[in-house]
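I opened this entry to record what I looked up on packing, surface and aromatic rings. The sequence and the structure come first.

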Amino acid sequence: MRVDVVTIFPSFFDVLEVSLLGKARASGILDVRVHDLRDFTTDRHRTIDDTPYGGGAGMVMKPEPWGQALDALVADDEANEETRPTFIFPSPAGERFTQATARELAGHRRLVFGCGRYEGIDERVFDYAETLGEVRLLSLGDYVLNGGEVAAMAMIEAIGRLIPGVVGNPESLVEESHESGLLEYPSYTKPAVWRGREVPPVLLSGHHGHVAQWRHEQQLDRTRSRRPDLLGDDESSVV
């Protein structure tokens with residue numbers, strides 16, 4: 001998969017050089033390219049924002065640099081419909097980004113993340129991007145960040161780890177939080193007793209059926225307590 005990121009803070013994404021995503025980049029499984037939006041400006045001050053039409057606080061990111069950036073990113077793929085990118089703009093006004101969204105996007109061949117700042121990006125940029133590929137405005141949750149970089153980084157990690165070959169043991173992905181619609185069960189390791197706290201006896205029993213039942217009950221209890229919204233109105237539908 002190829003992932004492009006357009007931002008005014010390219011160094012923010014240096015963290016992609018470490019851990020599993022860093023190994024995936026080194027092995028060629030994940031091709032991540034970070035681009036400085038200011039490189040697509042034409043004035044000597046490298047201006048990327050201006051005051052909003054209609055008045056109001058803050059500044060809005062100008063459409064011209066974004067248009068130049070998007071044109072440059074799709075220039076090599078204009079004749080190939082299969083490699084037309086999916087443009088992702090992190091935004092508190094977007095649809096909720098979920099594990100299901102991450103799994104869907106992990107199947108795409110190319111993603112382009114556009115990181116907004118200030119009061120956001122001129123709306124016409126999204127309209128123009130739709131002529132070049134699919135456009136998704138995605139939100140991590142019901143809160144506001146200073147810019148799209150934190151959200152983009154979280155999404156890239158959530159998506160990237162689902163690409164085959166990135167996580168060493170693919171079975172570990174199956175039982176994680178949200179994969180089944182429930183939160184993940186608690187985990188324990190050696191020693192069996194630590195500071196007076198014991199590992200649940202069922203995990204030491206060696207009985208795989210009992211362990212599986214206990215883990216599922218723990219998932220239900222955790223979800224009911226911490227995220228009842230995931231269960232909906234009818235818990236009987238969760239198996």
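My notes on the chain, its cores, its ring pairs and one surface patch follow.

**Basis.** I worked from a predicted model, in which local features need pLDDT of at least 70 and side-chain atom pairs count only at pLDDT 80 or more, while totals for chains, interfaces and linings use all residues. Residues are numbered from 1 along each chain as its sequence is written, and side-chain values use heavy atoms, with hydrogens and water left out.

**Overall.** I found six helices and nine strands in the chain, taken as DSSP runs numbered from the N terminus (helices H or I, at least four residues; strands E, at least two). Of the 239 residues, 41% count as buried (under 20% relative accessible area; exposed is over 50%, partly exposed in between; 1.4 Å probe, protein chains only). Among contacts (heavy atoms within 4.5 Å) between residues at least 6 apart in sequence, 74% join residues at least 24 apart.

**Cores.** I next looked up the nonpolar cores, which are sets of buried Ala, Val, Leu, Ile, Met, Phe, Trp, Tyr and Cys residues joined through side-chain atoms within 4.5 Å. The largest has 28 residues, of which Phe113 and Ile159 touch the most other members. E1, H1, helix H3 (99–105), strand E6 (110–114) and helix H5 (149–160) each supply at least two residues; the largest share, seven residues, comes from H5. Beyond its neighbours within four places in sequence, Phe113 has contacts that include Val3, Ile88, Met155 and Ile159. A second, separate core of 19 residues includes Trp66, Val74, Ile121 and Phe126.

**Aromatic pairs.** I counted three pairs, with ring centres (six-membered ring for Trp) within 6.5 Å; planes under 30 degrees apart are stacked, over 60 edge-to-face and the rest tilted. Phe12 and Phe13 pair edge-to-face, at 5.4 Å centre to centre and 65° between the planes. Phe13 is buried because its relative accessible area is 2%. Trp66 and Phe89 are also edge-to-face, at 6.2 Å and 70°; this pair links helix H2 (residues 63–74) to strand E5 (residues 86–96), 23 residues apart.

**Surface.** Which residues form a nonpolar patch on the surface? I noted Phe9, Phe12, Tyr143, Leu145 and Val150, with about 440 Å² of accessible area together. Phe12 is placed in the loop between strand E1 (2–7) and helix H1 (19–27); I list it as partly exposed because its relative accessibility is 34%. Patch members have over 30% relative accessible area and no salt bridge, nonpolar side chains (Val, Leu, Ile, Met, Phe, Trp, Tyr) being joined within 5 Å and like charges within 9 Å. A salt bridge is a side-chain nitrogen of Lys or Arg within 4 Å of a carboxyl oxygen of Asp or Glu. Accessible areas come from the Shrake-Rupley method with a 1.4 Å probe, and for residues only the protein chains shown count as cover.
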